[in-house]
Amino acid sequence: MKFQIKYLGIVLVLLLVISGCNKISNENDSVTGGSVIDTNKDDDKVEEKPVNEEDNTIQDERIIVNLNKFEYLLENGEGRNIDGRIIFAKEINDNNVVLEIDGENIRLPLHELRTIRGVDVDLRIIKIIDENNFVLEFKKSQTVGKKYRYVFNVKDKINFDGKIITVDLRGTDRAVLDVNGKKATFVLDNSKELNDLEIEVYDIVNEDGIDYDYVYMLVKDAEPIDDRNNN
């Protein structure tokens with residue numbers, strides 16, 4: 001009887017040992033196996049969240065502008081080499097931009113066509129996007145002999161060597177031009193002098209129902225009058 005009890009005790013000890021080993025094995029499995037499934041589920045939840053949120057924000061704030069030929073998107077403080085001229089944006093306001101061009105400061109109002117004579121370059125601020133970005137039109141001036149050829153909207157202005165030219169259309173064959181406050185009426189293909197400029201209007205596009213009317217003109221400095229009576 002004592003012998004049986006002894007062996008029964010041994011069997012119970014063996015069962016306890018086996019049970020303990022299985023528990024340790026299960027715990028090891030929970031580290032390497034069972035918990036991996038839970039971790040994957042957690043990872044799946046993480047992957048469902050937006051990735052690279054900062055990149056998405058930057059992309060949302062990126063300025064996208066459709067640029068035409070000769071148009072450039074510039075940033076305040078940015079320098080750019082355009083066709084051999086160094087353009088530096090120094091200041092952006094609500095209706096004008098200050099540019100430094102080859103070391104010379106130029107304040108350029110919105111939509112005003114500015115001609116840099118001597119280098120035959122036309123500049124115009126097409127759009128001021130915000131306090132840091134704007135669109136600049138930069139192209140070589142069109143010249144015919146000594147005259148500069150302009151095609152521009154009547155809502156715009158021409159700055160010809162400091163003289164501001166504006167236009168008021170009168171039908172399809174004539175226009176009233178204003179040069180620094182002096183006005184004159186021009187008919188097609190009729191060249192005349194106005195405030196020391198020689199101007200010829202050679203075409204007008206003025207159609208009913210169309211917002212953008214255009215004037216085609218040639219401009220140059222008027223020739224000095226040769227007063228032979230003073231000789």
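The accessible surface of the protein chain comes to about 15600 Å², and 48% of that area belongs to carbon and sulfur atoms. The model on screen is predicted. Colour the chain by secondary structure to see two helices and 17 strands. Of its 231 residues, 29% count as buried. Among contacts between residues at least 6 apart in sequence, 40% join residues at least 24 apart.

**Stop 1: the largest nonpolar core**

Select Y150, I165, V167, L177, I199 and M217. These residues have the most contacts inside the largest nonpolar core, which has 23 residues. Strands β10 (147–153), β11 (157–160), β12 (163–169), β13 (174–179), β14 (182–187), β16 and β17 each give two or more residues to this core. The largest share, four residues, comes from β16.

Beyond its neighbours within four places in sequence, Y150 is in contact with L113, T115, D122, I158, F160, Y202, V215, Y216, M217 and V219. A second, separate core of 18 residues can be picked out by selecting A89, I92, I125 and F138, which are among its members.

**Stop 2: F186**

Go to strand β14 and select F186. Is this residue buried or exposed? F186 is buried, because its relative accessible area is 0%, and the cut-off for buried is under 20%. Leaving out neighbours within four places in sequence, the residues in contact with F186 are D173, R174, A175, L177, K192, L194, I199 and V201.

**Stop 3: a buried lysine**

Select K163, in strand β12. Which side chain of opposite charge is nearest to K163? The nearest is D221, 4.9 Å away. K163 is buried yet has no salt bridge, because a salt bridge needs the side-chain nitrogen within 4 Å of a carboxyl oxygen. Apart from neighbours within four places in sequence, K163 is in contact with I158, V179, N180, N195, D196 and L197.

**Stop 4: salt bridges**

A search of the whole structure finds 15 salt bridges. Three of them follow, starting with R107 and E91.

- R107 and E91: their side chains meet with an N to O distance of 3.9 Å. The pair links distant parts of the chain, with R107 in strand β5 (residues 104–109) and E91 in strand β3 (residues 85–92), 16 residues apart. R107 is partly exposed at 47% relative accessibility, and E91 is partly exposed at 33%.
- D161 and R117: the closest N and O atoms of this salt bridge are 3.5 Å apart. D161 is in the loop between β11 and β12, R117 is in the loop between β6 (112–116) and β7 (121–128), and the two are 44 residues apart. R117 counts as partly exposed, at 32% relative accessibility.
- E223 and K220: here the closest N and O atoms are 3.4 Å apart. E223 is partly exposed, with a relative accessible area of 40%, whereas K220 is buried, with 13%.

**Stop 5**

Switch to a surface view and select V151, I210, Y212 and Y214. Together they make a nonpolar surface patch of about 360 Å². I210 lies in the loop between β16 (197–205) and β17 (214–221). This residue, I210, counts as partly exposed because its relative accessibility is 39%.

**Stop 6: two backbone angles**

Most residues other than glycine have a negative phi. Where in the chain does F70 lie? F70 is in the loop between α2 (53–61) and β1 (71–75), and its phi is positive, near 75 degrees. F70 is partly exposed, with a relative accessible area of 37%.

Finish at N180, in the loop between β13 and β14. N180 is not a glycine, yet it has a positive phi of about 50 degrees. At 45% relative accessibility, N180 is partly exposed.

Conventions:
Residues are numbered from 1 along each chain as its sequence is written. This is a predicted model: local features need pLDDT of at least 70, side-chain atom pairs count only at pLDDT 80 or more; totals for chains, interfaces and linings use all residues. Side-chain values use heavy atoms; hydrogens and water are left out. Patches are made of residues with over 30% relative accessible area and no salt bridge: like charges are joined within 9 Å, nonpolar side chains (Val, Leu, Ile, Met, Phe, Trp, Tyr) within 5 Å. Accessible areas come from the Shrake-Rupley method with a 1.4 Å probe; for residues, only the protein chains shown count as cover. Buried means under 20% relative accessible area, exposed over 50%, partly exposed in between (1.4 Å probe, protein chains only). A nonpolar core is a set of buried Ala, Val, Leu, Ile, Met, Phe, Trp, Tyr and Cys residues joined through side-chain atoms within 4.5 Å. Contact means heavy atoms within 4.5 Å. Lys and Arg count as positive and Asp and Glu as negative; His and the chain ends are not counted.
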